[in-house]
Amino acid sequence: MNVAVAVGRALTAAGVRQVFGVVGSGNFHLTNAMVAAGARFVAARHEGGAATMADAYSRMSGTVAALSVHQGCGLTNAMTGIAEAAKSRTPMLVVAAEVTEPRSNFYVDQYALARSVGAVPARITSAETAVAEAHAAVATAVRERRTVVLNVPLSLQALESAEPATQPMPSRDPVVPDAAEVAALTNLLRRAERPVFVAGRGSRGCRHVLEQLAERCGALLATSAVAHGLFRGNPWDLGISGGFASPRTAELIRGADLVVGWGCALNMWTMRHGQLIGPDATVVQVDDDASALGTHREIQLGVTGDVELTATRALASYGAQHVGYRTAELGSVWWRDVAFDDESTGERIDPRTLSIALDDILPAERVIAVDSGNFMGYPSACLSVPDENGFCFTQAFQSIGLGLATAIGAALAQPDRLPVAVLGDGGALMSAAELDTVRRLGLPMLVVVYNDEAYGAEVHHFGPGGHPLETVTFPPTDVAAIGRGYGFEAATVRTAQDLTAVEDWLNGPRSAPMLVDAKVVAEHPSWWLEEAFRGH
């Protein structure tokens, strides 16, 4: 068999069973070889969408998905999605055809391009080593939790190569924490009067042991945005820490004398540029990557170790139960319980009213994907999710336009849940081509567009300074009509009563996806916006 077929088969044998992409001449045989070996291929309408679908699928399934792209322009089209995955340390494989002749129209330095966004570049270098190099790329993605760009030169693809031998799927061994570091953590937990746990992406799947340890030491529980839902239903759950936190949640975290980040970066978003950490609080970070410790803020203790192993060992040596921070009722820690003046006008709906009404009518088993923009805090804070697999948040690069593709990848990874894509009008129109992918795949997806007819973040950031806004505002667009054109059921929502159309769709066969064009009140910035701009 030739190199293209051998590489495709080797990647599938190594555990890559889901592939997204746009097929051109350079990746045609590679992609078909993966499909022939048992992988499922989903054709996107743009490589940028395909990249984010693969990212979201990997996050929500716990497996390594692949992105297959044409040489040169296929890869450059995908770079925003690849950058998001790389910044998020998503284990993902990009299979990129490559030309090595600089005179070719398709030539770019793909190796340097991958490295520039934080991905790991790799290359098939010969027919003899092709299979081993393919296996190594998957192993790097899994063991180092990295996005790997595997370049497959056209000049090698037709050469004869050996048939791949059966290989065990690579796995990541949990990092065993140092006993002295665990002992130091345990001592701090024993002495703390008001401990708070903030669980991040590295804590996904570790709910049980973190809840046990929190119960033992009396800690309150919070998450970063990417782990939203991890402690759903626990009476001591504070919800999301950071910019999306409710006033009561922020107050309780700020009052902690010990903050422990479990697989959490404790970055400017999760800690509001440090404002959520009291001046006398001790900060501990637990992460299985030593380089992550103390990256975003000063910490008093860093524990290098797997979250589950570290928490299990701390629990075993902790001793008698303490009341800790669990001395009174939490109060209203959820945004939907915070009173507000409904500013709906009859022509436009308040985004808070919209978000709460949606939360009330959507089924509990849901997977939510939220795009970036001025609107994003409302659905992120007000739409509840059943667990950490109910919220997919591709926001490490802060790019608008990724939300719809995120929802597609998450829907395929969580097929028993209602997929909900929550978008702004800017991101929706930027990614509208993937509405065809939703319809073509037969996904029973609800797409909700918070439509303020502007790039709202820029409007509210620059408008108060008297700057002209013509470049970031747009005439009205009938987004519902666009949805119908792609085969969606659609409704325009101006009042809460208009959501009856969504209820009817939810109660029906859902034989076609549905798009909601929600005309939202646009006069005010969301509460987290200025803080976000401070991070630029």
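In the predicted model, the side chains of aspartate 436 and arginine 45 form a salt bridge, with an N to O distance of 2.7 Å. Side chains of opposite charge can pair when their charged atoms come close. Across the interface of domain 1 and domain 3, the rule finds 1 salt bridge. Polar contacts were counted as well: between domain 1 and domain 3 there are 9 residue pairs of this kind, both residues at pLDDT 80 or more. On the side of domain 1 that touches domain 3, the elements giving two or more residues are strand 2 (40-43), helix 3 (47-61) and helix 5 (79-87). Helix 3 supplies the largest share of that side, with 9 residues. By residue type, the side of domain 1 that touches domain 3 consists of 9 nonpolar, 6 polar and 6 charged residues.

The two domains belong to a chain for which the domain assignment gives three parts: domain 1 spans 3-158, domain 2 spans 179-318 and domain 3 spans 335-534. Taken over C-alpha atoms, the centres of domain 1 and domain 3 are separated by 30 Å. Contact between these domains involves 21 residues of domain 1 and 27 residues of domain 3. The area buried between domain 1 and domain 3 comes to about 1900 Å², and carbon and sulfur atoms give 69% of this area. Within domain 1, the residues that lose the most area to domain 3 are Arg45, Met60 and Glu84, which together make up 35% of what that side buries.

The annotation "domain: Thiamine pyrophosphate enzyme N-terminal TPP-binding" covers residues 1-105. Residues 1-105 are 47% helix and 19% strand, and the end C-alpha atoms of this span lie 29 Å apart. The annotation "domain: Thiamine pyrophosphate enzyme central" covers residues 183-311. Over residues 183-311 the chain is 26% helix and 22% strand, with 11 Å between the end C-alpha atoms. For residues 372-502, UniProt lists "domain: Thiamine pyrophosphate enzyme TPP-binding". The span of residues 372-502 is 36% helix and 15% strand, and its end C-alpha atoms are 23 Å apart.

Threonine 495 is placed in the loop between strand 17 (489-493) and helix 20 (500-507). Leaving aside neighbours within four places in sequence, threonine 495 is in contact with Gly346 and Ile349. From threonine 495 to alanine 518 the separation is 23 residues in sequence and 8.6 Å in space, C-alpha to C-alpha.

Notes: Residues numbered from 1 in each chain as written. Predicted model: local features only at pLDDT ≥ 70, side-chain atom pairs only at ≥ 80, totals over all residues. Heavy atoms only, no water. Domains from an automatic or database assignment. Contact = heavy atoms within 4.5 Å. Buried area = accessible area lost by both parts, 1.4 Å probe. Salt bridge = Lys/Arg side-chain N within 4 Å of Asp/Glu carboxyl O. Polar contact = N/O pair within 3.5 Å; in protein donor to acceptor, adjacent residues only side chain to side chain. Helix = DSSP H or I, 4+ residues; strand = E, 2+ residues; numbered from the N terminus. Nonpolar A, V, L, I, M, F, W, Y, C, P; charged D, E, K, R; others polar. UniProt positions renumbered as here; feature names shortened; annotations may be inferred.
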